[in-house]
Amino acid sequence: MLDISTSWAIEPGLIPLTGPWAFVKISRPPSFSTATMSLKRSQTVQWPPAPSPDETEEERRVRVAAESEAKRVSDMIDRQLEVDRQRRKERRGPKILLLGQAESGKSTTLKNFQLHFAPKSFEKEAEIWRPVIHLNLVRSINFIVNLILSQKHDHRDAGPYPRRRSSVGPLTSELRRLCVRLGPLRQVEETLINILSGRSPGRPFNETEMARQAYNPAKATDIALRSGSGWRQGLSFGRKSGETSSGSSTSNRSDNLYMGEDGQSRRILSALGDDITALWKDPSVQKILKAAEIGLHEQPGFFLDQASRITKEDYRPRPEDVLKARVTTLGPEEHTIVAETGPQKANIWTIYDVGGSQSQRAAWAQYFDDVHAVIFLAPMSGFNQVLAEDESVNRLTDSIRLWQMICSNKILAGVEFILFLNKLDILDQKLKSGIQFSSFVTSYTKQPNETKPVAKYLMEAFVSLHQQHSPKRRRIHPHLTCAVDTKATSTVITRIQEVILIKALESNNVL
Ligand SMILES: Nc1nc2c(ncn2[C@@H]2O[C@H](COP(=O)(O)OP(=O)(O)OP(=O)(O)O)[C@@H](O)[C@H]2O)c(=O)[nH]1
Ligand SMILES: [Mg+2]
């Protein structure tokens, strides 16, 4: 038996990690109570700001008008939030909140629920993921082409990529030719972004959009789409059940997909399929990526290995492609799934999916008093990674910190807690490739650098933290998961669904 409790209790608030994060100090995080949040709001926002002592009459008039407009908007938002809250409360089926840091696998878990309970709708809607998968692929290629060209032409500009300049020598004429031939993919990228985000073609990106769409070497394939942009609704075809949020379910954009812009993008992709594969397989490309320390194949939304299949003009996404497609969730999303078969038939499952990056977390609290279960995702593979939004924070440390915060929340005290220690497959690959877990987690001593004991160690640590931080005794349902393995995840869902249903029936006073 591992002495986890001792190692995790060395000193409250200290997580025994090494490397740049050695003994990261974790101050006791604030709870997500509404009181704390409103207190925080009044402390930090300081609205309205104090007027300047030498304010003129004209400035006063402008300020008062601005304050009154801001109050009107704020009241309107509050009213809308209250309407949404009431509407959510009235729903009677099981309600689940997915929590965890960015890229932990929340949206992938949601897709697994959709596949498990409503496989026919999932199959029908696979088509709407095609532009996302194409965009993931095209962004990988454009990232590589930019990287190659920046190596050749621009030696002064440090730019966002690569992190390190390499000494890869001159470009071969074949590589130069490939870069030129793949040029039209820039236009394809913009077209796909337009289709998915509902931007009108030709409108220039504003600064925020530019920042969001810029290539980040740590997540080159990634694309962030606001749920309110309604890309799912806009692109859905004849959906009967499955996910819904606000907004219409039909749009001209679906016509665009088949007849217009998307059709053209698909033809370009299909014509360039062999060149894409040739670029990815080119040894000097691999050399450049290695020298720049960029592991594209480890990134979410990586499809270069399957480029020849995915670029075919009649490509139709398989379930495993849909599971791998990557879109950053921006803002909370509400999804309903109507179970199609089995004892659950016609039961409506409501799942709230949220954005996991640090700036998105304040929006989680609005769902706390209204759900029957929280599924918390902690990616075990993050032990040697840092957050994309803050490179000073180790991913595992962040997950632990979040977990403590969620466990100690009083509003969630009566909710079923389900823990998915996710990305088991990536943990396995990392340990097998020789990365030492104990180099990052120093309390893991004298134990084999193997998947089973490492996963067991993490499981015990998270379970023990749950016991220490829960406001009252509560059961926990921990699972080791690989969310891109649909079969294994379906088995886990079968195991947890009864617990969630019973909780929903209890809270609706049926039991
Ligand atoms: N190999 C592997 N990939 C996974 C696993 N779980 C999720 N992924 C991939 O990781 C990427 C990120 O997963 P998401 O589900 O989008 O992450 P998220 O938690 O919703 O992230 P945000 O929306 O940014 O908060 C996707 O490309 C998934 O396919 C896993 O267990 N193994
Ligand atoms: Mg997500």
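In which sense do β6 and strand β7 pair, and over how many bridges? They pair in the antiparallel sense, over six bridges. The views below come from a predicted model.

**View 1. The open sheet has six strands.** Their order is β6-β7-β3-β8-β9-β10. The pairing is mixed. β6 (333–338) and β10 (476–480) are the edge strands, and each pairs on one side only. From one strand to the next, the twist averages 20°.

**View 2. β6 meets β7 in an antiparallel pair.** Strand β7 covers residues 348–353. Across the pair, His335 stands opposite Ile351 in β7. Strands of a sheet pair through backbone hydrogen bonds, either parallel or antiparallel.

**View 3. Helix α4 packs on the sheet.** This helix spans residues 106–117. It touches β3 (95–99), β6, β7, β8 (373–379) and β9 (416–422). The direction of α4 makes about 170° with that of β7.

**View 4. Helix α16 lies across β3 and β8.** Residues 395–407 form this helix. α16 runs at about 165° to β8.

**View 5. Helices α16 and α18 pack at an angle of about 35°.** Helix α18 is made up of residues 451–469. The two axes are 8 Å apart. The crossing is right-handed. From α16, the contact uses Ile400, Trp403, Gln404 and Cys407. From α18 come Phe462, Leu465, His466 and His469. By class, five of the contact residues are nonpolar and three are polar, with no charged residues.

**View 6. Ligand 1 has 25 residues around it.** Of these, Gly105, Ser107, Pro300, Thr329 and Gly356 come nearest. The largest share, three residues, comes from α4. By class, the shell has seven nonpolar, twelve polar and six charged residues.

**View 7. Ligand 1 lies between domain 1 and domain 2.** Why is ligand 1 placed between them? Both domains give residues to the shell around ligand 1, so it lies between them. Domain 1 comprises 4–29 + 94–118 + 339–507. Domain 2 comprises 127–324.

Key:
Residues are numbered from 1 along each chain as its sequence is written. Chains are lettered from A and ligands numbered from 1 in the order in which they are written. This is a predicted model: local features need pLDDT of at least 70, side-chain atom pairs count only at pLDDT 80 or more; totals for chains, interfaces and linings use all residues. Two strands pair if DSSP finds at least two bridges between them. Helices (H or I, at least four residues) and strands (E, at least two) are DSSP runs, numbered from the N terminus. Axes are lines fitted to C-alpha atoms, for helices over the stretch in contact, and angles run from 0 to 180 degrees between N-to-C directions. Two residues are in contact if their C-beta atoms, placed from the backbone, lie within 7 Å. A residue is near a molecule or strand if its C-beta atom, placed from the backbone, lies within 6 Å of it. Ala, Val, Leu, Ile, Met, Phe, Trp, Tyr, Cys and Pro count as nonpolar, Asp, Glu, Lys and Arg as charged, and the others, Gly among them, as polar. Domain bounds come from an automatic or database domain assignment. A crossing is left-handed if the near helix is turned anticlockwise from the far one by less than a right angle, and right-handed if clockwise.
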